[in-house]
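These are my notebook entries on one structure. I looked up some charged side-chain pairs, then a loop position.

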Amino acid sequence: MLRKLLDAIEPTFGPNGKLNKLYPLYEAADTFLYTPGDVTKGPTHVRDGIDLKRMMSLVVVALGPCFFMAMWNTGYQANLAIDEGTGTAVEGWRAATMEQMGLGHDPDNLIDCLVYGALFFLPIYATTIVVGGLIEVVFATVRGHEVNEGFLVTSALFPLTLPPNIPLWQVATGIAFGVLVGKEIFGGTGRNFLNPALTARAYLYFAHSPEMVGSNIWTAVDGFSSATPLGAMADAGVGQQVPGLTGYEWTDCFIGWTQGSMGETSTLACLLGAGVLIAAGVGSWRIMASTILGAIGMASVFYFYTLLGGASDNPLMYLPPWWHLVIGSLAFGAVFMATDPVSAATTQAAQWWYGALIGVLTILIRVINPAYPEGIMLAILFGNVMAPVLDYFVVQANIKRRAARYAT
């Protein structure tokens, strides 16, 4: 019945229809529900049951564990602060909603934590979809093409990189900047050389720093302040950063029940997502592996320098490499951001160099730059800029090898 309904109204949105300007909206709904009707018929093309929209949907599915942690951990951190008396519940419609649902603020209650966290995460997610989606539809209508499916991933990634207390108007301006400047001005999905979600986050970081950094933005309660594990270790005294005075254990950071951006705290959730992406053939395991190896290698250089007698007043110099893997956004960036198929390197050899570059730069920025203990965002954006250069040299090397092989 639904298929017949869509077919019946299609002429209205066709070239001669009264609503032909709105064809991108019809096409977006039709291809979201059903496989596109136009398929390749010639023998020169690879025919498959997957299209761009379904590939992007697989990325959203892989983000499922991070979505869960974004809601549960946000609620858990808030309810824990309320239960310990170090913070007070945020009043307003969220408090009224919790009361109407008969829920409280018990940190040991899964539903209490999940619902309270969802009341912070879902408005941010909805704002991202409405504002970013509207921009996508406007550009698709003006240009006369289908709505770009890439926004399915951008709209899912961007909210996960934000703190729960960020104002919604800043979420709107951030995603607008990311979609417009990071993608649409270059032609839309498939033509952007920067990751749109990271471009949006970079805009918020530099334009609205008080709402993106500091120790009072990570917990969705009033009167409570707590640094992220990475921030706490960067500020700790030398030799006191793990575990000890910072109060964090490696297992806690790996599972993700710590302070931080809503969807980036859990390395375990990122590993589950990585398994989905690799099994589906959507994410590049080479980029993931080389990013982690690059980070471990650079962190090991600093760590062994201190073990061999080198002195430094920077506590992150003394941080073991395995700690770098579970704090900050390294795991989330390596799995979901660096592997963006548009802005990442495409040749296999270049993907190894691209990932290694991101991993090395992440640790360099963390350790060397005292003003910004997190480095994955800037490292990936720099890697995006360098990706075409890496692909170029790999292609040129292949051309030279083939020319020498078949020289007559």
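Entry 1. I began with D30, which is buried at 11% relative accessibility. I use buried for under 20% relative accessible area, exposed for over 50% and partly exposed for anything in between, with a 1.4 Å probe and protein chains only. I note that this is a predicted model, in which local features need pLDDT of at least 70 and side-chain atom pairs count only at pLDDT 80 or more, while totals for chains, interfaces and linings use all residues. Residues are numbered from 1 along each chain as its sequence is written, and side-chain values use heavy atoms, with hydrogens and water left out.

Entry 2. Which residue does D30 meet in a salt bridge? I found R3, with N to O at 2.6 Å. This pair links distant parts of the chain, as R3 is in helix α1 and D30 in helix α2 (residues 23-33), 27 residues apart. By salt bridge I mean a side-chain nitrogen of Lys or Arg within 4 Å of a carboxyl oxygen of Asp or Glu. Helices are DSSP runs of H or I with at least four residues, strands are runs of E with at least two, and both are numbered from the N terminus.

Entry 3. I then checked R3 for another partner and found a salt bridge with D7, where the closest N and O atoms are 2.8 Å apart. Both R3 and D7 belong to helix α1 (residues 2-13) and are 4 residues apart, about one turn of the helix. I looked up the accessibility of each: R3 is partly exposed at 27%, and D7 is partly exposed at 41%.

Entry 4. I counted 5 salt bridges in the structure. One of them pairs E374 with R366, at 3.4 Å from N to O. Are these two residues buried or exposed? E374 is buried, with a relative accessible area of 13%, and R366 is buried too, at 1%.

Entry 5. Last, I looked up T258, which sits in the loop between α11 (250-255) and α12 (267-280). T258 is buried, with a relative accessible area of 4%. What does T258 touch, leaving out residues up to four places away in sequence? I listed N73, Q77, P229, Y248, D252, C253 and T265, taking contact as heavy atoms within 4.5 Å.
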